[in-house]
Amino acid sequence: MNKINLLNFIVVIIGVAIIFLGLNIGLGGIKTLGWQSTRDFVAITDAATFHAQDSHIRFIGGVWFGVGAVFVVGGFAMHRFRSTLITLSAMIAIAGLFRLSGMDTEVIFSAAVAPSLTFELVGFPLLAWWLMTSGKRDAQIIKGVQSQ
């Protein structure tokens with residue numbers, strides 16, 4: 001498998017994982033942490049506010065689903081979606097920085113958050129770099145073919 005096919009495959013797999021997470025939050029909402037838990041973990045003291053915030057969380061799950069769909073499509077049409085995938089990877093890295101605003105190192109470095117944070121702050125910037133370098137390589141190949 002050459003490097004380009006590997007990159008396409010990885011982008012599709014990342015997209016499928018993001019779609020799953022989007023469905024998880026979008027369809028599960030706050031009360032059960034989506035599909036992550038079968039038990040309620042929060043007591044509702046203000047039903048109106050809870051339902052409004054739950055709606056917002058479900059919307060964000062839908063946005064995340066859409067991001068995953070773009071990654072899947074981008075894995076099959078890399079030449080057209082490369083810049084979009086780079087932008088989304090940068091956005092995910094920036095969003096990961098927002099986790100740090102909680103200022104709770106016990107949570108940030110816990111087993112529940114640290115793997116996600118690592119993907120966001122290390123994995124997605126590396127993916128963006130790989131997408132950029134493979135795009136330059138593709139452009140050089142195309143340029144060489146056209147000049148012959």
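The model is predicted: local features need pLDDT of at least 70, side-chain atom pairs count only at pLDDT 80 or more, and totals for chains, interfaces and linings use all residues. Residues are numbered from 1 along each chain as its sequence is written, and side-chain values use heavy atoms, with hydrogens and water left out. The protein has five helices and zero strands.

**Fold and overall numbers**

- The order of elements from the N terminus is α-α-α-α-α.
- Helices (H or I, at least four residues) and strands (E, at least two) are DSSP runs, numbered from the N terminus.
- The protein has 148 residues, and 30% of them are buried.
- Buried means under 20% relative accessible area, exposed means over 50%, and partly exposed lies in between (1.4 Å probe, protein chains only).
- Among contacts with a separation of 6 or more, 63% join residues 24 or more positions apart. A contact means heavy atoms within 4.5 Å.
- The accessible surface is about 9700 Å². Carbon and sulfur atoms hold 69% of that surface.
- Accessible areas come from the Shrake-Rupley method with a 1.4 Å probe; for residues, only the protein chains shown count as cover.

**Nonpolar core**

- The largest nonpolar core has 14 residues. Val11, Phe71, Leu127 and Leu131 touch the most other members.
- Two or more residues of this core come from each of helix H1 (3-28), H2, H3 and H5.
- H3 gives the largest share, five residues.
- Such a core is a set of buried Ala, Val, Leu, Ile, Met, Phe, Trp, Tyr and Cys residues joined through side-chain atoms within 4.5 Å.
- In soluble globular proteins, nonpolar side chains tend to be buried together.
- Leu127 is in contact with Leu7, Val11, Ile14, Phe71 and Ser89, leaving aside its neighbours within four places in sequence.

**Aromatic pair**

- The count of aromatic pairs is one.
- Phe71 and Phe124 form this pair, which is edge-to-face, at 6.1 Å centre to centre and 75° between the planes.
- Phe71 lies in helix H2 and Phe124 in helix H5, so the pair ties together parts that are 53 residues apart in sequence.
- Rings of Phe, Tyr and Trp (its six-membered ring) pair if their centres lie within 6.5 Å; planes under 30 degrees apart count as stacked, over 60 as edge-to-face and the rest as tilted.
- Both Phe71 and Phe124 are buried.

**Salt bridges**

- The structure has two salt bridges. Each needs a side-chain nitrogen of Lys or Arg within 4 Å of a carboxyl oxygen of Asp or Glu.
- Arg58 and Asp54 form one of them, at 2.7 Å from N to O.
- Both of these residues sit in helix H2 (residues 47-76), four residues apart, or about one turn of the helix.
- Arg58 is partly exposed at 33% relative accessibility. Asp54 is buried, at 9%.
- Glu120 and Arg99 also form a salt bridge, again given as 2.7 Å from N to O.
- Glu120 lies in helix H5 (residues 114-147) and Arg99 in helix H3, so this pair ties together parts that are 21 residues apart in sequence.
- Glu120 is buried, with a relative accessible area of 13%. Arg99 is partly exposed, at 34%.

**Gly22 in helix H1**

- Gly22 lies in helix H1 and is buried, with a relative accessible area of 2%.
- The C-alpha atoms of Gly22 and Phe65 are 4.2 Å apart, although the two residues are 43 apart along the chain.
- Gly22 touches Leu27, Gly61, Gly62, Trp64 and Phe65, not counting residues up to four places away in sequence.

- Ile94, Leu97, Phe98 and Leu100 make a nonpolar surface patch of about 400 Å².
- Patches are made of residues with over 30% relative accessible area and no salt bridge: like charges are joined within 9 Å, nonpolar side chains (Val, Leu, Ile, Met, Phe, Trp, Tyr) within 5 Å.
- Leu100 sits in the loop between helix H3 (78-99) and helix H4 (105-108). Leu100 is partly exposed, at 35% relative accessible area.
- Met103 is also in the loop between H3 and H4. Met103 is exposed, at 72%.
- Met103 has a positive phi, near 55°, and is a residue other than glycine.
- Most residues other than glycine have a negative phi.
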